[in-house]
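These are my notebook entries on one structure. I set down what I looked up, entry by entry.

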Number of protein chains: 2
Amino acid sequence: MKHKLLAILLVLVAQGAWAQQATWIWYPGDYEIWLANKMQNRRTEKGAFFPPFWRMDAHYVLMDFHKVFELAAPEEITIHAEGPYNIKIDSRMLPGMPAKLTIPAGKHRINIKVYNQAAVPALYVQGRTIFTDSSWLVTNEDKEWIDESGKVSDQSGTTWLKAGSWNFNEPGSLPSAFELKRQLLQPVSAERKGNSLLLDFGKETFGYLQLNGVTGKGPVTIYYGESKEEALSPEGAETLDKLAINNNSKGVVMTPSTKAFRYVNVQYDPAVQIDSVSMWYEYLPVEDKGSFRSSDEELNKIYDVAKYTLHLNTREFFIDGIKRDRWIWSGDANQSYLMNYYLLFDNASVRRTILALRGKDPVSSHINTIMDYTFYWFLGIYDYYTYSGDKAFLQQLYPRMQSLMEYCLGRRNKDGLMEGQSGDWVFIDWADGLSKQGEVSFEQMLLCRSLETMALCAEIAGDAPGVKKYEALGAELRKKLFSIYWNESKQALVHSRVNGAPTDNVTRYTNMFGIFFNYFNDQQKQGVKQQVLLNNQVPKITTPYMRFYELEALCALGEQAYVLKEMKDYWGGMLKLGATSFWEEYNPSKTGAEHYAMYGRPFGKSLCHAWGASPLYLLGRYYLGVQPTSPGYQTYSITPVLGGLQWMEGKVPVPGGEVSLYCSTSQIKVKGAAGVGTLRFTSTGKPVCKTATIRSTGTSQYEMDVEAGVEYLVTYKAVPGIKK
Amino acid sequence: MKHKLLAILLVLVAQGAWAQQATWIWYPGDYEIWLANKMQNRRTEKGAFFPPFWRMDAHYVLMDFHKVFELAAPEEITIHAEGPYNIKIDSRMLPGMPAKLTIPAGKHRINIKVYNQAAVPALYVQGRTIFTDSSWLVTNEDKEWIDESGKVSDQSGTTWLKAGSWNFNEPGSLPSAFELKRQLLQPVSAERKGNSLLLDFGKETFGYLQLNGVTGKGPVTIYYGESKEEALSPEGAETLDKLAINNNSKGVVMTPSTKAFRYVNVQYDPAVQIDSVSMWYEYLPVEDKGSFRSSDEELNKIYDVAKYTLHLNTREFFIDGIKRDRWIWSGDANQSYLMNYYLLFDNASVRRTILALRGKDPVSSHINTIMDYTFYWFLGIYDYYTYSGDKAFLQQLYPRMQSLMEYCLGRRNKDGLMEGQSGDWVFIDWADGLSKQGEVSFEQMLLCRSLETMALCAEIAGDAPGVKKYEALGAELRKKLFSIYWNESKQALVHSRVNGAPTDNVTRYTNMFGIFFNYFNDQQKQGVKQQVLLNNQVPKITTPYMRFYELEALCALGEQAYVLKEMKDYWGGMLKLGATSFWEEYNPSKTGAEHYAMYGRPFGKSLCHAWGASPLYLLGRYYLGVQPTSPGYQTYSITPVLGGLQWMEGKVPVPGGEVSLYCSTSQIKVKGAAGVGTLRFTSTGKPVCKTATIRSTGTSQYEMDVEAGVEYLVTYKAVPGIKK
């Protein structure tokens, strides 16, 4: 009986008796560019509009969507579009602009053309078996004749791409009307003094203010502060709102745009009364799929605050920080992607951000005008593929990867090296005295990795000559990197070459990237570790931005115990100063309100910066130790390292599930998902697992396979803080 | 006293005591692209939205405008912008978004950044000496580092262009709100039958309908007809409107969009009453600066109807025809430009159209997808420069000319010839049986001329290597054109080469263009004239589109008498059929409503097509005979040719004035403008001019100089209809 029912259900599904869910679709990348323009033009500074300083592209205004259907029976469809549209069935244009339509049985091609200049032309079609999704094809009618993978060209030479979409699954959820979610929150304290009201929302937060019970007529000025000092400094506060109140009877007044703050200083005219102030917390609803808990309460706190920091900066896109720029910076985003893979695994946010950063052809500058940020864009794609296994996205992105890489290659100097040209910003890090002169080794290394990414994606896009070309360019540059910059006596890649001569200057940047890019041989690795990474003579890194990579390199070298201490010092240091989110920069030698200054302004520093959340990544990848070893976790390794903790437990999201792990000095409990995982660990005694075979791989080294969905208990004996 | 006043006035002007007129400015080309998107997406066919089928570009959403000022005294400015903006004075950002501002005395740089995603970021600043105009610089912050003329790059590599503008000279004339002018007109007749109303507006026209005294509830369908037959054919009418009336009391109802028509068939529900119908004629207000009158009344009528035809098609841009496409087609526009130079001399319309046609980089298809239309775009620029002398426009356009030419050069086949590839439309003309196979000589000739245009513009843009490159490419192609296609026995360039072998096929196209491009030697010219142009065995041209060039070639060969007869036959033929504007195509062998059919549809033909207005150009350039001989009429020739007329008179607009001419068989009266003109004429007796020196230049050939602003009377003796 049960089987019969199931069979009937399957037949019904196959026949499409139940309609499948349609979603709004558009030209891939266009909605992302449009939405990023909106978001990035919301920055204000002291009330002034403060837009980005690079070229912002725009969506194509006219779109043709199509799909070929084979219908067993006539089918009614409803059509919603953002903009005027027309419909062709089998190339015949229908009169008018029908909102409903019956398609006859048989094989038919439906084309719908949508025009919209103010917002992105988008389409939503819902029938029983016909429904818009990413299998629909879309063209801007570029008539490009490129015989290339990832593109479908029809006989007229028109390029068809697979439609872009997100999660606008209802006809009424217009993409152009997208807004983040909101939640009403109250301050934890409110202090009234004369005609001012000082509110504390208890922690760093983001959103609109709602002034309650407002009457009277007069101006209200609101100063926002990530710190109390900032809110109380009308001259220093980075953001403010000026409202003109004119209420006869008590009413609610909303601020016109979102701000970041913990403290709010509301200064009102004597002729104005305000009963109280609430806020609408604004956020992107994304679920935490990863987690981490350990025997160290401070570390747990660090993890929680990092989590909140990432959430605050995960919005329409991954942004740098919520107070000031609120822009998409490629270098910052690249780190958010990595943290995301261990907390949210929200690949849609990664894709949106990658598309928005890239913009459109022709390429006329580096991404965000920063040379390194162009390369991080490529690196982010490499990582995206590694974690998600999403080939389809890369195939469509490949032409824009090519044109950006051609731009880079065209800007190499006569020696084939990247050197800052006019208009280029060679950034590397916010650090005093960091030389950008000549050919910086860091940029060459990032280009090299970008070329390797190109070769990988050329393979995925089926561009065989591309594979060859990029592999050769990458190999050549890697060779040059060592022949020019490797200094045997310093056991390091030096910082730069100026006027044809390598400098003596050793910095951490190139060397730490070389570690986790796996560019060094074992001897070089040890040299770099001792003479650069663990050498106090080499200038320290003070931004969480580059701390991310420094600590990653140390973890990759098995220095989890050292890194744990560093994390507790650095992030713990911020917590001790009352941080409720992690900062753009932290220098323990400063005191009091000095911490809030940056860029020559007393409150210039952002106290909630995405790159401050790197413990999420470090703890997931290098302590819980879950890493994909082939794209999309088809295979992966689980190499828990306690690094001095008594125990830790947590989850790491993978496609279609999660890997959960508990690890103490005597037990490892693990449950896999996705493909085949390999648990690797060190045990000073013979480990035991009743349900799996443990293989010995060296002195005290063991490994065992972890099948998806199965829970394993391993009893072993670890030395806390052991270096791997 | 008078002198003293003047001196004071001059001092006041110099001191800027009177404010100069500001105008709205934007990124050059962006407003044109935006407005063209709007216009070209207004086409409907049988009520369905019918957009173009090529890529439509979009404006940049974020703009930085700047200018450096030296102020003798502090000055207040008012700022209007289309979009949020910020202001920097000497790189310091001002708080808020001030609408008024006082700039201190001294030298200052003002930067205003404007953001707008829905419409073009535009700026209007008015002070006493500070006012927005095309001397302001603007950048989309592309950070392009191109050291090239026509571009100004600052130290950050940002490219600055001179701002674009049109005639939005009031702060309230928002560019985004632009609309053409309207005038209320009444029908010449109205015939009511049952529930239908047939209106005749007396001639071809364009605009909105206004239904007067409308009451009741029910549907109204309006069928538009350029002919009565079309309006009376609900199935055949190309355009229609469906209105849903729901009026309790009598009111006015407007149609939602403009249409082209002479006749209107209003079919209304019995429950609806309509008192009468008016129309709002919609037009671009441009002045007629040229004129033509002659002893031939039919020719005068032709001129008048051509004039009206051009006006109807001169709108936001030069469009092809007002009923159907209402799009900007490059081949059509190229002819409108030429007619414009002899009637309107409205260079702003030429510039708008050139910019809109070009769109943006990257180039992914030919203009309008048509190979020849790409080349006409280049040719139009050549002509624009010749007539206007406007170097500034070309300098800024040059980079987009380069990228389009690179696209063309990249699509040549292995023999360096243009051949239709997938996605290319090789058009040439609407003509049955016209072969597009292989390498068509017509396309090579247009490319050759385009390369010559590139060389000219490279010179203007200061691109010396470009001059060399394009000159060499042009010379090489010109040589190839003759070595491959010239057929000595046929005394013609043959139509094409197929599979490596020139065909025997002779068509008029390449040969007639070769005449007015001056590509033939004298012997070839005569051969082409006799064996092609005046040879009835060579397939006739039936479209006014190609008639334009055919008749131009004949005029260039001195066949004005022949051409006059042709004009009277062809355009006079349309008049005899009741044409009130000239048609897309005219075939005298058809009868009745057959004339209205095209593209397999009974009323598919457009009865008001810009290319039908070519007599404007022919009469101005080859009868009145006024032609620039150096850019912008610095020098020009006046070579009146009566071509059989007893007398003619007219005006030809030139920069800053007009050349007026009266010419009979015994008298020439001429008044020049601009630079130095040379009057050339044939006289069988010795001519006399009391105020100028007449030089003899051969048997019965004379010439004399015409100074600007001076009127000359020449007495001479011409033989009517003489061939020159």
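**Entry 1. A loop residue in chain B**

I began with B:Phe345, which sits in the loop between α5 (330-343) and α6 of chain B. The model I am reading is predicted. I looked up the backbone angle and found that phi of B:Phe345 is positive, about 45°, although the residue is not a glycine. I noted as background that most residues other than glycine have a negative phi, and that most peptide bonds are trans. Is B:Phe345 buried or exposed? I count B:Phe345 as buried, because it has 22 C-beta neighbours inside 10 Å and the cut-off for a buried residue is 20 or more.

**Entry 2. The helix before the corresponding loop in chain A**

I then turned to chain A, where helix α5 covers residues 330-343 and has 14 residues. From its first C-alpha to its last, α5(A) reaches 20 Å, close to the 20 Å expected at 1.5 Å a residue. How many residues of α5(A) are buried? I found 14 of its 14 residues buried, and I recorded the helix as mostly covered. After α5(A) comes A:Phe345, with a positive phi near 45°.

**Entry 3. Cis peptide bonds**

Where is A:Pro362? I located A:Pro362 in the loop between α6 (347-358) and α7 (371-388) of chain A. In chain B, the bond from B:Asp361 to B:Pro362 is cis, and its omega is near -5°. I placed B:Pro362 in the loop between α6 (347-358) and α7 (371-388) of chain B.

**Entry 4. Strand β6 of chain A and its partners**

I followed strand β6 (residues 85-89) of chain A to strand β9 (residues 106-115) of chain A; the two run antiparallel and are joined by five bridges. Opposite A:Ile89 I found A:Ile110 in β9(A). β6(A) also pairs with strand β7 (residues 92-93) of chain A, in the antiparallel sense and over two bridges. Which residue of β7(A) stands opposite A:Lys88? I found A:Met93 there.

I noted that β6(A) and β7(A) form a hairpin with two residues between them. In the turn, A:Asp90 has a positive phi of about 50°. I also looked up A:Ser91, which lies in the loop between β6 and β7 of chain A. Phi of A:Ser91 is near 70°, a positive value in a residue other than glycine. A:Ser91 is exposed, because 7 other C-beta atoms lie within 10 Å and the limit for an exposed residue is 12 or fewer.

**Entry 5. A sheet of three strands**

I traced an open sheet of three strands in chain A, in the order β22-β25-β26, with antiparallel pairing. Which strands are at the edges? I identified β22 (439-440) and β26 (501-502) of chain A, each of which pairs on one side only. I found two bridges between β22(A) and strand β25 (residues 496-498) of chain A. In this pair, A:Glu439 stands opposite A:Arg497 in β25(A).

I placed B:Cys448 in helix α9 (residues 441-460) of chain B. B:Cys448 counts as buried because it has 24 C-beta neighbours inside 10 Å. Leaving out residues up to four places away in sequence, I listed its contacts as B:Gly474, B:Leu477, B:Arg478 and B:Leu481.

**Entry 6. Domains of chain A**

I took the bounds from the domain assignment of chain A, which gives domain 1 (2-177), domain 2 (181-283), domain 3 (292-620) and domain 4 (625-715). The centres of domain 2 and domain 4 of chain A, taken over C-alpha atoms, are 50 Å apart.

**Entry 7. The two copies**

How are the copies related? The same surface serves both copies, as 100% of the contact residues of chain B recur in chain A.

I recorded 50 residues of chain B in contact with 50 residues of chain A. On the side of chain B that touches chain A, α2 (30-40), β3 (48-49), β6 (85-89) and β9 (106-115) each supply at least two residues. The largest share, three residues, comes from α2(B). By class, I noted 22 nonpolar, 18 polar and 10 charged residues on this side of chain B.

Technical notes. Residues are numbered from 1 along each chain as its sequence is written. Chains are lettered from A and ligands numbered from 1 in the order in which they are written. This is a predicted model: local features need pLDDT of at least 70, side-chain atom pairs count only at pLDDT 80 or more; totals for chains, interfaces and linings use all residues. Two strands pair if DSSP finds at least two bridges between them. Helices (H or I, at least four residues) and strands (E, at least two) are DSSP runs, numbered from the N terminus. Two residues are in contact if their C-beta atoms, placed from the backbone, lie within 7 Å. Ala, Val, Leu, Ile, Met, Phe, Trp, Tyr, Cys and Pro count as nonpolar, Asp, Glu, Lys and Arg as charged, and the others, Gly among them, as polar. The expected span of a helix is 1.5 Å times one less than its number of residues. Domain bounds come from an automatic or database domain assignment.
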